[in-house]
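Trainee: Could we go through this structure together, taking the questions one at a time?

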Amino acid sequence: MEQLNPKSRSDAYGSRINRDHSPILIHLVPWGTILLGCLLPFLPIISAIPLVPPLGLLFLLGWRLVRPGLLPVWAGFPIGLFDDLFSGQPFGSGILLFSLIMLGIEFFDTRFPWRSFWQDWMAAAFAIIAYLVGAALFSGADIGLIALASIGPQALLSILAFPVIARIIGGLDRLRLLRVRVLG
């Protein structure tokens with residue numbers, strides 16, 4: 001019988017022994033993707049009406065709904081603060097809206113712990129519409145029929161983009177939980 005070297009990767013378990021999740025990836029991937037989504041207003045996108053989805057909000061909703069226990073409830077405050085710095089909205093609007101959305105999703109989780117993807121999509125749609133209307137109110141716009149009609153395409157595009165964002169987050173979650181060799 002042939003002796004296998006314990007450091008050899010040819011044995012049945014040698015490639016998986018002494019491996020653990022990377023603490024850097026566990027924390028950096030969710031927070032980093034949300035913050036990168038908040039930096040979208042720096043891209044030179046020109047449109048007569050608001051059309052680009054709020055990617056910071058979509059990634060926050062995606063991480064919170066796809067991985068419910070990952071982000072704490074208070075995460076809406078620092079992410080909203082970061083979003084306020086780069087979105088062009090009045091300071092405090094992102095803090096309030098992101099925090100209220102996180103509290104609303106937490107309330108939704110306690111009421112419906114057995115939910116499905118369709119319920120998550122409906123909750124995300126409601127949160128997206130509430131955020132866009134709230135952001136329009138904070139910006140000082142008069143909310144009338146014309147303002148709601150101009151928010152409509154952005155809301156529709158954001159709602160339709162949520163399943164794609166959720167799929168991206170599923171792949172990023174696999175990257176986040178990648179096991180790396182622990183030295184020692």
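Trainee: What covers the buried residues of α4?

Mentor: This is a predicted model, in which local features need pLDDT of at least 70, side-chain atom pairs count only at pLDDT 80 or more, and totals for chains, interfaces and linings use all residues. Residues are numbered from 1 along each chain as its sequence is written, and side-chain values use heavy atoms, with hydrogens and water left out. Helices are DSSP runs of H or I with at least four residues, numbered from the N terminus; buried means under 20% relative accessible area, exposed over 50% and partly exposed in between, with a 1.4 Å probe and protein chains only; and contact means heavy atoms within 4.5 Å. On those terms, the buried residues of α4 include Phe98, Ile101 and Phe108, and their cover includes α2 (55-66), α3 (76-87) and α5.

Trainee: Which helices do the buried residues of α5 pack against?

Mentor: Among the buried residues of α5 are Asp120, Ile128, Tyr131 and Leu132. These buried residues of α5 pack against α2, α3, α4 and α6 (145-176).

Trainee: How many aromatic pairs does a search of the whole structure find, and is the pair of phenylalanine 98 and tyrosine 131 stacked or edge-to-face?

Mentor: Rings of Phe, Tyr and Trp (its six-membered ring) pair if their centres lie within 6.5 Å, and planes under 30 degrees apart count as stacked, over 60 as edge-to-face and the rest as tilted. The search of the whole structure finds nine aromatic pairs. Because the rings of phenylalanine 98 and tyrosine 131 have their centres 5.5 Å apart and their planes at 70°, this pair is edge-to-face.

Trainee: Where do phenylalanine 98 and tyrosine 131 lie?

Mentor: Both phenylalanine 98 and tyrosine 131 are buried. Their pair ties together parts that are 33 residues apart in sequence, because phenylalanine 98 lies in helix α4 and tyrosine 131 in helix α5.

Trainee: Is the pair of phenylalanine 117 and phenylalanine 162 stacked or edge-to-face?

Mentor: The rings of phenylalanine 117 and phenylalanine 162 have their centres 6.5 Å apart, and with their planes at 15° the pair is therefore stacked.
Phenylalanine 117 belongs to helix α5 and phenylalanine 162 to helix α6, 45 residues apart. To end on the word asked for, the pair is stacked.

Trainee: Is arginine 115 buried or exposed?

Mentor: Arginine 115 lies in the loop between α4 (93-111) and α5 (117-138), and the residues that it touches, not counting those up to four places away in sequence, include Arg64, Leu65 and Asp120. With a relative accessible area of 16%, arginine 115 is buried.

Notes:
Helices (H or I, at least four residues) and strands (E, at least two) are DSSP runs, numbered from the N terminus.
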